[in-house]
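Dear colleague,

Here is the structure I said I would pass on. My notes on it follow below the entry.

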Amino acid sequence: MLLQTTAVLFFIASSNAHSWVEQLSVIAPNGTFTGTPGYARGNYLRTAVGFSDTTMTYLIPPNTQANTTVIYPTTKMCKDTQQDQTQTSGSPRLEASAGDAIALRYQENGHVTLPWNQPGKPPNRGTVYVYGTTEPKVGETLLDVHGVWNWDGTGGDGRGVLLSEQSFDDGRCYQINTGNISEARQEKYPHQANQLMGADLWCQQDVQLPNTAPSGKLYTLYWVWDWPTLPDIDPTYPDGKKEVYTTCMDIDVVGKSTSRVQETDSYVEDQSLDSAAIPSEFNDLTNEDAVTVADSSSTASAVVNENTGSASTLKSTTQTAQTTQIIQTTQSTQSTVSANAATVTVTVGAVTAWRTVTKVEIQKHTVTINSCQSTAGGSVD
Ligand SMILES: [Cu+2]
């Protein structure tokens with residue numbers, strides 16, 4: 001019981017720590033971020049007075065909605081602070097040219113590296129979508145866009161397109177914790193701690209601004225993280241639940257298309273991960289076909305099986321994820337006690353994950369953690 005209590009305390013400070021697009025960057029042909037970063041509408045920097053996760057997270061359905069198994073047609077795409085195309089002081093829009101590759105970065109908040117914290121979630125940690133339009137609407141609804149706008153721009157009212165669809169887990173990102181996933185990634189994808197990310201490595205979704213984006217105008221991106229809970233797994237949600245987060249942002253389209261991403265194999269290997277595109281995502285952008293073909297055949301199990309492949313093999317649609325593998329609620333747990341340290345092994349579906357807990361006395365061999373990891377500094381110790 002003590003372990004259970006302590007484990008909960010490790011994470012309790014962060015129970016509302018979900019994800020949003022923290023920063024946008026143009027990617028140069030060599031895969032390195034270039035220029036001044038941009039930010040979402042109504043952005044709150046983490047360093048701003050009054051910042052908390054809730055200043056940026058936008059949960060759909062909202063906590064106030066009794067039935068979380070439905071999303072109503074009236075539900076807005078954008079958070080109330082992101083309805084208008086306005087920026088806050090210190091958080092300018094990204095400037096980019098038509099055809100540019102752009103990285104959207106977000107924090108995983110434990111949803112990648114501590115997947116056992118939320119039972120019933122898709123093994124790919126959900127799917128992230130980016131929709132683009134030159135004709136955004138105040139009051140835009142989620143359901144007019146999400147799952148409706150398509151690659152060809154022929155979906156729904158035809159005002160926009162689907163620009164990108166990938167797993168929330170980009171195959172690299174981590175926050176620092178003692179779980180095996182984080183530890184493996186810290187070793188495989190090391191980087192110098194910096195002021196922006198700390199020791200964590202943010203997740204990334206790379207998209208290409210359409211070649212047709214008109215210069216001198218704003219181009220709007222809607223980022224949608226679809227992260228449902230499947231039914232019959234978490235006893236709290238016997239019918240499952242919908243859980244979606246969005247970020248709404250605009251780009252100042254400037255100059256002419258420089259065709260930055262139209263050269264293939266220009267990505268420079270071994271560059272600093274602090275400011276580098278994800279190679280597989282970036283290389284996808286050099287190939288129009290690859291961008292438009294979501295790999296719906298890849299099984300989600302590859303995602304949970306840590307370090308098995310690049311982000312491109314991690315692509316799977318939500319539907320695929322829902323049918324291929326389920327993170328079990330009933331986690332078989334093994335504990336080994338040695339002095340003041342214990343290694344807790346949690347079996348999540350077919351995958352064994354573990355985290356090392358120090359200075360904790362083991363009295364019960366079960367661990368229940370139902371929240372996500374702190375984003376501040378990324379440490380859970
Ligand atoms: Cu969260």
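Predicted model: local features only at pLDDT ≥ 70, side-chain atom pairs only at ≥ 80, totals over all residues.

Two strands are taken to pair if DSSP finds at least two bridges between them. Strand β7 covers residues 160-167, and seven of its eight residues are buried, leaving the strand mostly covered.

Overall make-up

The protein chain holds seven helices and 13 strands. It has 381 residues, of which 46% are buried. Taking contacts between residues at least 6 apart in sequence, 77% join residues at least 24 apart.

The four-stranded sheet

Strands β2, β1, β5 and β8 form an open sheet in the order β2-β1-β5-β8, with antiparallel pairing. Its edges are β2 (33-38) and β8 (203-208), each of which pairs on one side only. From one strand to the next the twist averages 30 degrees. As background, the strands of a sheet pair through backbone hydrogen bonds, in either a parallel or an antiparallel sense.

Two of the pairings can be given in detail. Strand β1 (residues 21-27) is antiparallel to β5 (residues 101-106), with six bridges between them; there, L24 is bridged to L104 in β5. Strand β5 is also joined to β8 by six bridges, again antiparallel, and A101 has Q208 of β8 as its bridge partner.

What share of β8 is buried? Six of its six residues are, so the strand is largely enclosed by the rest of the structure. In a regular strand, side chains alternate between the two faces of the sheet. In β8, C203, Q205 and V207 point one way, while Q204, D206 and Q208 point the other way, and all are buried.

Beyond its neighbours within four places in sequence, Q205 is in contact with L104, V128, V130, S164 and Q166. Q205 and A103 are 102 residues apart in sequence, yet their C-alpha atoms are 5.7 Å apart in space.

The nonpolar core

The largest nonpolar core has 61 residues, and I102 and L104 touch the most other members. Not counting residues up to four places away in sequence, I102 touches L24, S25, V26, I27, L94, A96, V207 and L209. In soluble globular proteins, nonpolar side chains tend to be buried together.

An exposed loop residue

Is D232 buried or exposed? D232 is found in the loop between β9 (218-226) and β10 (244-253). It is exposed because 12 other C-beta atoms lie within 10 Å, and a residue with 12 or fewer is classed as exposed. D232 and G120 are 112 residues apart in sequence, and their C-alpha atoms are 8.1 Å apart in space.

Regards

Terms used. Residues numbered from 1 in each chain as written. Helix = DSSP H or I, 4+ residues; strand = E, 2+ residues; numbered from the N terminus. Buried ≥ 20, exposed ≤ 12 C-beta atoms within 10 Å, placed from the backbone. Contact = placed C-beta atoms within 7 Å. Core = buried A, V, L, I, M, F, W, Y, C linked by C-beta atoms within 7 Å. Axes fitted to C-alpha atoms, helices over the stretch in contact; angles between N-to-C directions.
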